[in-house]
Amino acid sequence: MCDTVKLTDFDDGLPKKTFIRGSDPRVATCRGKLQNRRSKLNQEINKELRLRAGAENLFKATTNRKLRETVALELSFVNSNLQLLKEQLAELNSSVEIYQSDSTDAIMPMIPLGLKETKEIDFQDPFKDFILEHYSEDANQYEDAIADFMDTRQAMRTPLRDSSGIALLFRYYNQLYFVERRFFPPDRSLGIYFEWFDSLTGVPSCQRTVAFEKACVLFNMGAVYTQIGAKQDRSTSKGLDAAVDSFLRAAGTFRYIHENFTNAPSMDLGPEMLEMLIQLMLAQARECLLEKLDLQSQENRPIDICFDLAQEAAQLSECYGHVFELISQQTVKDYVPYSWSALVQVKREYHMGMAHYHAATGVLHKDAPNMSPATKDTLQFLHVECASTQLDIRVPKDETERKLLGRAHLREALVLHEEGQRLHRMCRELKGKLALISVLRIAHRSSLQVYTAQDAEDDFRDLLDSPQVQPATKFQLSLTPPDFAQYRVNDLFKSLGPIAIFSAKRHWTAPRLVQLHRGRTVDGFGFSVRGDAPVIITAVESNSLSEFGGVKEGDFIVSISDVDVKWASHDEVVALIKSAEDTLNLKLVTPMDRNYLKPTKNGNNNNNNKGSVSTHSSSSGVSSGLSSPSGSMAQHHSNNHKRLSWNPFRRQQTCREGKDYFDNVILR
């Protein structure tokens, strides 16, 4: 199903080991160590939760006062330990710098997601029992397929942070499509439970449905996309493009989960949380686009680009403000690390400060006195009409008004950058983020330098607030949904038969063996077939030995003379029937939940058997070596409705009859 690579250990007598491409559980990177710590914390939180549940039940059940006091004391210890563990997990989720690029430049950090952890599951016994019971096949033949599926699931628990890790998750998800239909009937349970830990709180959730497994795999897919986006070198245009693509793919994946999976038992899969993550990823993608615009215009920045940067930064600040509103919801606030909320607030203030800074640099630009009419129109709608305490200048008429408006924007930028630094200092987890500290300091220093370089004039209008920058954007973001078709997989259990027929929700009788022995004077075997994969018996001759042998209309042929024909085409089955000569061994099953023989639209029987094989013979189980019942063939051919089916065992056939054979019906 997926690529494997053989690793040979040193000459120490150890056997060769294999691992699946896209996963290496032995990787010792900082990110891998962080994920291992998260896994251990999840296990400890699960243990404390079980202890608390047991203590609470004992406290409710007992009436002994002394015992109740002891249990209450134990509960206080358990709750204290649980709180400490959750704080440690929140601190791990705040370790955004581990996922960032290795670049030494001062770049605003992004918020990535950690992976959901899951426990290993043994599918061998449940799947083998189901194969024997439901499909009536030798389960030992599928041990390798089951082991392959288990290996893939084990590997996808530790995906690499690159395209191969994404491909591994996609392959496992696509394989779940087949496994769910093969082994998970809607009316019963196999006793398989999928247990996953919440990526933010570490609380375990357990369900029997494959839909929960799919949603968790998709969540990890989105999480890996966020980590890929966060690690890109955003000091180059190529790195920024890759980051935008990754964040949009993450947002599209979370949107797919939001629209296709409901009633999730874990908080990180809840609709409010997913909506917040979608908007967060869109904001981070827009931030990368803003950085790219800023990077491409650093050397020679005209006035129009300054105003574009101002409005884009204001738009981005508004986006982060919306994200902060979503984080502040009661259903989300208690589960998201405080550092995320603080960083979103810092970014909101920082980018609004940069909006005022870019507006000021445009207004104070050396070419500002000679603005083009188009630039003046842009400046006319650059500001938001608001409070009366704002400076009432939209398009400066002279040098004095231009400087007044530029200084007002710079003062507002300084205030916002100082507010961003204050919010940063208030969060303990963000204090050690050196890249964030550098970005905030550089932004504040740049605004201060431009402001102090301006000539101060005594004008009461310097006391007025700057007009707010109107948010606007030229970037139209489009979410990229998961492309499942890009990572096609082969059904590991294909030999069970076409999944449309041989699936867990379909029911059929146990396979039965039928041996038909044709006498010397008989031309056929007494039944007609049509269709492909599997071939279905459409008609059984009345009073023929096929009927006496147990062949029924609607039966599926699963094997002919020990050759499996569940996937065989019409041509192949006909060839096997022809090669059987006088003795034909069939293995048949009868569908129990529906009739796959569809009636024709008209009542004319002339073409009912078009493209089928018509045979007439004796059955060894009834009267081996004897001819067919007298009159059956004559009555059949003397019927008013003449049969036009092609019979491969007739000695004489017309070209028309041979041509009709190819018009068979394909059952899917």
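I began with F127: leaving aside neighbours within four places in sequence, F127 is in contact (heavy atoms within 4.5 Å) with I146, F149, V179, F183, F184, L190, I192 and F493. I noted that the model is predicted, that local features need pLDDT of at least 70 and side-chain atom pairs pLDDT 80 or more, and that totals for chains, interfaces and linings use all residues. Residues are numbered from 1 along each chain as its sequence is written, and side-chain values use heavy atoms, with hydrogens and water left out.

Next I looked up the largest nonpolar core. A nonpolar core is a set of buried Ala, Val, Leu, Ile, Met, Phe, Trp, Tyr and Cys residues joined through side-chain atoms within 4.5 Å. Buried means under 20% relative accessible area, with a 1.4 Å probe and protein chains only. Of the 134 residues in the largest core, F127, F183, F254 and F493 touch the most other members. Helix α8 (residues 271–296) gives this core its largest share, 14 residues. Another core, of 19 residues, lies apart from it and has V535, I560, V573 and L584 among its members. For the helix labels, I noted that helices are DSSP runs (H or I, at least four residues), numbered from the N terminus.

Then I turned to helix pairs. Two packed helices are described by the angle between their axes and the distance between the axes. The axes are lines fitted to C-alpha atoms over the stretch in contact, and angles run from 0 to 180 degrees between N-to-C directions.

For helix α13 (residues 399–426) and helix α14 (residues 434–452), the axes come within 9 Å and cross at roughly 155 degrees. That makes α13 roughly antiparallel to α14, a label for angles over 145 degrees. The residues making the contact include R407 and L410 of α13 and L436 and I437 of α14.

For helix α9 (residues 303–327) and helix α12 (residues 373–380), the axes come within 10 Å and cross at roughly 20 degrees. That makes α9 roughly parallel to α12, a label for angles under 35 degrees. I303, D304 and F307 of α9 meet T375, T378 and L379 of α12.

Last, I checked H351, which is found in helix α11 (residues 338–363). Is H351 buried or exposed? H351 is buried, with a relative accessible area of 4%. Not counting residues up to four places away in sequence, H351 touches E287, L290, A313, L316, S317 and Y320.

Notes
Helix = DSSP H or I, 4+ residues; strand = E, 2+ residues; numbered from the N terminus. Buried < 20%, exposed > 50% of the residue type's maximum accessible area, 1.4 Å probe, protein only. Parallel < 35°, antiparallel > 145°, perpendicular 65-115°, else oblique.
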